[in-house]
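Please study the sequence and the model before reading each solution.

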Number of protein chains: 2
Amino acid sequence: MNTTIYDVAREAAVSMATVSRVVNGNPNVKPATRKKVLDAIERLGYRPNAVARGLASKKTTTVGVIIPDISSIFFAELARGIEDIATMYKYNIILCNSDQNKEKEIHLINTLLEKQVDGILFLGGEITEEHAEQFKHASVPIVLAATVDENKQFPSVNIDYQQAAFDAVTELIERGHERVGFVSGPIDDPVTGYQKYTGYKEALKKHSLAFDEQLVAAGENTYDDGLEAVDRIMKADQMPTAVFAATDEMALGVIHGLQDADWRVPDDVEVIGFDNTRLATMVRPTLTTVVQPMYDIGAVSMRLLTKYMNQEDVGDHIVELPHRLEYRMSTRA
Amino acid sequence: MNTTIYDVAREAAVSMATVSRVVNGNPNVKPATRKKVLDAIERLGYRPNAVARGLASKKTTTVGVIIPDISSIFFAELARGIEDIATMYKYNIILCNSDQNKEKEIHLINTLLEKQVDGILFLGGEITEEHAEQFKHASVPIVLAATVDENKQFPSVNIDYQQAAFDAVTELIERGHERVGFVSGPIDDPVTGYQKYTGYKEALKKHSLAFDEQLVAAGENTYDDGLEAVDRIMKADQMPTAVFAATDEMALGVIHGLQDADWRVPDDVEVIGFDNTRLATMVRPTLTTVVQPMYDIGAVSMRLLTKYMNQEDVGDHIVELPHRLEYRMSTRA
DNA sequence: CTGAAAGCGCTAACAT
DNA sequence: ATGTTAGCGCTTTCAG
């Protein structure tokens, strides 16, 4: 049997209430009795039972995090930002991988709610009607991070993916390229696909360049798909002289695919990636890429969630973090 | 107010016990009444409170995972293995980053125990006396993964790091190299440093090669430290013709450092890494490396933990997974 | 400043 | 097959 607050109370010859007070740092305890209690706790090796506390107080100091895949460099970095801030605010994190699978996501939300988490951080592809329904019925605050919510009906933190893609492609165009390839994950993936795709097309249009289906390769966001994308776009009737890849990992694939086929980067083809993961400096040439502050997105979203959980006033429910281009060697100086 | 089991009981005109039975899939319920209850649950939108259940049943179906840094490729992959198996056995995971900081680790163990996790998975550097003390007093099973426990007093899953390093270095030596560099994280880190260092020295000794301090560079396990290591070891009085790096990330640094200084890999210098993270195929030349089954270590350790939690019979408390060399292009065919 | 007592929502005997 | 009844360990009024 573990020792309980009752045992401590008896040992210290006070009431449970008093023990509870000292354990919770309530100032209304005479120093002398506080000491008595502390001693008893020490002597008995008492450790408060957070489950009982949770039941009584209706707070678990635990938040649920639904993430597509913790083994992805991108999400792992985000997760670290989340965890650090959570720790700072004394929360623990229940981490769940969803693989962006809607069924799983819905199921996980339910599980987390059953576990009485104080809040949920949702990272994923997209918010569907069904997600929205769930979220609305949740009794705790929910914040989205790196997740597209068309209707902007839930608090979220993001960067402007479309604008970021637009900026990157514009940079390429302004360097004189008229044939810019686009390599991405599934186009129907809201963040890694669609938004960047739209930004890409906008940039072309803005500069009166024709859109060419042959310069587009949509794979699965992996290195190998980047590699393969090269096969496809370099076979276009008119080859691209620059490539914008939707993730750094794909960009590495593109660079190596290009090099394997004896093209030189950046001399023959310039390449820009997206995310600025640690991978970007781990290639030759190093990768020029759109900086997405992953750690910060995680940190800020967690911070936002803590505010909701404490019912603090929140300014903007939708926060958009800045992005920028980091110039490295995969583009010409 | 959320709806409780009591509300459901009233709505279905049965007792709480019966509701509890159907919620928990107890077969001793007449189909008809089961349906009545299910309907009531549906109608009320009832969602069981896991905290209350936890308090009453003394099981939370949650396990704590203490991990050095989730943003590391290596640990993220391990975490994925852990989470997948946990999900399979209906457990959730409370994920905590320790940064291998002993204070934090001890503190986290306590927090997790307070939260009444059903078990703990500990990944980290090393088990000290103090850790051991904590573990012994824990009321739940603890399994170590990718963590060195000198006294082998706790259940754990690992590969034989020393042997693996020995094998890699031996491979290099048998290819005719007499000057093999060793690049690693802090030598005093049990897994990434000491064990591999020992394996390295053993291999030299076995083949009657002299140990040369100048060929050893211990940094911080990062890409940049790999890069810098090259500066050091290539300045040795007699340069190495092969390098064994303790992690893939360092190995990438070494390869690029070498290439930046106009050495050719593998022609001038052969390189072998360690881990077989996804990075290994994301370099040119692709990296020959020691395969450490990260996902499996995570999965197996979680599986082991479930056995302890279910008080099942466990065969070996210490499991050692196999390692092997994966030959790629950073070594000559 | 301290204590008594009523739950929090559920499970687990024990009855029936 | 179903109901009754204690708790699980803690927080939280409410008194004093």
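**Exercise 1.** Determine whether B:Y197 is buried or exposed.

Solution. The relative accessible area of B:Y197 is 11%. Buried means under 20%, exposed over 50%, and partly exposed in between (1.4 Å probe, protein chains only). B:Y197 is therefore buried. B:F211, with a relative accessible area of 35%, is partly exposed.

This is a predicted model, in which local features need pLDDT of at least 70 and side-chain atom pairs count only at pLDDT 80 or more, while totals for chains, interfaces and linings use all residues. Residues are numbered from 1 along each chain as its sequence is written, chains are lettered from A and ligands numbered from 1 in the order in which they are written, and side-chain values use heavy atoms, leaving out hydrogens and water.

**Exercise 2.** Classify the pair formed by the rings of B:Y197 and B:F211.

Solution. Rings of Phe, Tyr and Trp (its six-membered ring) pair if their centres lie within 6.5 Å; planes under 30 degrees apart count as stacked, over 60 as edge-to-face and the rest as tilted. Here the centres are 6.1 Å apart and the planes stand at 75 degrees, so the pair is edge-to-face.

**Exercise 3.** Which charged end sits over the ring of B:F211?

Solution. A charge sits over a ring if NZ of Lys or CZ of Arg is within 6 Å of the ring centre and within 35 degrees of the ring normal. The charged end of B:K201 does so, 5.6 Å from the centre of the B:F211 ring. In chain A, the charged end of A:K196 sits over the ring of A:F274, at 3.9 Å from its centre.
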